[in-house]
Amino acid sequence: MAAIRIEARAVAHRFAPGRGLQPVTFVHDGAGCVAVLGTNGAGKSTLLRMIAGLLRPTSGVLEIRVDGADVPMPARRRVVGYASPELAFYDEFTVGENLAFVADARGMDGPAAAVRDALDRVGLLERIDDRVAALSSGMKQRLRLAFALLHRPPLLLLDEPGSHLDDVGRAVTEAIVAEHRRTGLVLLATNEPRERELADSRIELRGGLGHPA
Amino acid sequence: MIARTTLFLWIAVWTVLALLWAPLVPALAETTRVLYFHIPAAWISVLALAWSMGHSLAYLKRRRLEHDDQASAAAELGLVFCIGATISGSLWAKAMWGSYWNWDPRETSIFFVLLIYGAYLALRSSIEGDERRARLSAVYSAAAFVTVPFLMFIVPRIYFSLHPDPIINTGGKIQMDPRIRISFFALLIGFTGLFFWMLSLRVRVLRVARRFEAVDAERAGSAA
Amino acid sequence: MPTRESSFAAAWAILRKECRSEWRTRYGLNSALLFAVTTLTAVSFAVGRMGDRTDVLAALLWVVILFAALASLAHTFVREVEGHTLTLLRLTAAATPIAVGKLLFNLLFLGVLELVTVPLFLILMGAPPPHWGLFLGVLALGSAALATAATLVGAVIAQTRGRGALFAGVSLPLLLPLLAAAVSATRAQWSGNPVTFELRLLAAYTLALLAASLLLYDHLWED
């Protein structure tokens, strides 16, 4: 797969005075699994959103390089698969329709096959024609994972991937992380010790509740 | 200190001169005096709008909150001057032509400016987060900027004008007694200076407030 | 950067999604139609037939269209924000194709709304027969301008606390020039006067605002 490099130089996000992500600096090269750690409010989700291109840093420089080429913010959605608890789907559509829309909008070749493949990997294939409104929260979490995997991105960003999941769901997630980290990069933002153990390196964020900035 | 005193003296002296020394415009009679305040107010409303929009565009390009401070401060002041211009214009219209409002091109234009200010400030007050507020209001400002010229084109076509154009041509030469002309331009300059002075004060307040908040937040963080 | 093809693919996919979503839930179109018919009924009831006053008719027609538009055109964005699906959308497509897809949907929506409202208006108000070519031309250009402005403002206010309540007030300044031109042109075609100036103005306004929007949409969703 592709070679990934993430470099952050004093990257911060100021939402209001004193609140937000405090400046963080790190470099990561190549495949693997990295845990993003910090207390509530430290900015784990903020950092992931910035890497995904959803949020612009208010200071500092964040560079993502895939195969040596810089990926600017507007293009990040192509190389990033992002799953986070506040990611919601269209309740009036079925599971399959939601993912088919995403595949069509991304201009993917063979969208139907890609949708089935992604759903199969997370174990949701038999629910493909169920409306999203009818899914349990655990199933919705798996759907988020399928959404992140749909376009086979080199970089996977998982924010609290274990939320709402039962043991089977967690096993599915761990299998996907294990498979992806061999050739691509996985960033896990988490407070769970079990998920922390999956990673082979970590980024610790200062600030937030309980930590002096 | 000196600049401020000079400004106030300038305005004070020229106000007295305008009211007592300059003669009345024959066609306007006693209402002449309004033009020394109404027209500068209208001019400043438009100037402030252009200033605000310019800084909005600068913010979108450079993402520095100083530009947003300028844009919002100019809009707040511009609104005040615009309300002044609208009310004084309306009173003048009532005294001259018997009706408070007629939707003639000038009245329509100043009302349009008032609406833009109102919408811009209402939008700002409903957004949280400094950066988001700056960005979204700048986008709106840029869109409004595009529509302004069109209003200038369509309004004259639709309505006849009650404005005393043959007597005072505010666009080009002003054909009237030199004492009126001098007083008018002096007060125009004075009030423009007043606007920029108030603007600088407001921008400074915004900047200091932000720094206070930052210090407060840091202190709260380290005390925890 | 996305290739041209994928921008079109994205906008087209979003347009189809909006249509399908509207078809499934239908509350957007239903409430808009209800609103338009209610406004029309109120006006017609209060004023009666006004076949001779084409100046008033022109104004009333556009007021009804405007009200119905203000009540409904922000929904495409507000629904995304309230349903929390905006993140999904932003991860799927770039800002400009998203906005273009929704603009096309709003255009379609407005078209359907007018298909019902305009004939009803002409009949209820006892309007004289219009010069159909010119009348439809003004309607089309005016609606295009309206949809362009409303889509941009809708995208902006969807992220505020006021949302729908703000939509009317914030879009009004942008809509004034188009309203004036559309009313003037509608009145002119009934009295046999030329409408070329207003049509050109409406076209120029739409293009200018569209061009500005395409540049501005990229700045809208950065958080």
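Select chain C to begin: its secondary structure comes to nine helices and zero strands. This is a predicted model. Coloured from the N terminus on, the elements of chain C run α-α-α-α-α-α-α-α-α. The radius of gyration of chain C is 18 Å, close to the 17 Å that the globule rule gives for 223 residues, so chain C is as compact as a globular protein of that length.

Stay on chain C and show the C-alpha atoms. Along the principal axes they fill a box of roughly 55 × 35 × 30 Å. Of the 223 residues, 52% count as buried.

Chain C puts in 23 residues and chain A 21 residues. On the chain C side, the elements that give two or more residues are helix H1 (4–25) and helix H5 (86–92) of chain C. Highlight H1(C), which gives the most to this side, with 10 residues. Colouring the chain C side by class shows nine nonpolar, eight polar and six charged residues.

Now hide chain A and bring in chain B. Here the contact takes 26 residues from chain B and 28 residues from chain C. Which elements of chain B give two or more residues to the side that touches chain C? They are helix H4 (105–125) and helix H5 (130–158) of chain B. Select H5(B), the source of the largest share of that side, 17 residues. By class, the chain B side has 21 nonpolar, two polar and three charged residues.

The last stop is a sheet in chain A. Five strands form this open sheet in the order S6-S7-S8-S3-S9, with parallel pairing. At the edges, pairing on one side only, are strand S6 (80–83) and strand S9 (201–204) of chain A. Neighbouring strands of the sheet are turned by 15 degrees against each other on average, direction ignored.

S6(A) and strand S7 (residues 155–159) of chain A run parallel and are joined by four bridges. Pick A:Val80 to see one pairing: its bridge partner in S7(A) is A:Leu155. Finally, show helix H5 (residues 137–149) of chain A, which lies across S6 and S7 of chain A and runs at about 170 degrees to S6(A).

Key. Residues are numbered from 1 along each chain as its sequence is written. Chains are lettered from A and ligands numbered from 1 in the order in which they are written. This is a predicted model: local features need pLDDT of at least 70, side-chain atom pairs count only at pLDDT 80 or more; totals for chains, interfaces and linings use all residues. Two residues are in contact if their C-beta atoms, placed from the backbone, lie within 7 Å. Ala, Val, Leu, Ile, Met, Phe, Trp, Tyr, Cys and Pro count as nonpolar, Asp, Glu, Lys and Arg as charged, and the others, Gly among them, as polar. The radius of gyration is taken over C-alpha atoms; the globule rule is 2.2 Å times the number of residues to the power 0.38. A residue is buried if 20 or more other C-beta atoms lie within 10 Å of its own, exposed if 12 or fewer, and partly exposed in between; C-beta atoms are placed from the backbone. Two strands pair if DSSP finds at least two bridges between them. Axes are lines fitted to C-alpha atoms, for helices over the stretch in contact, and angles run from 0 to 180 degrees between N-to-C directions.
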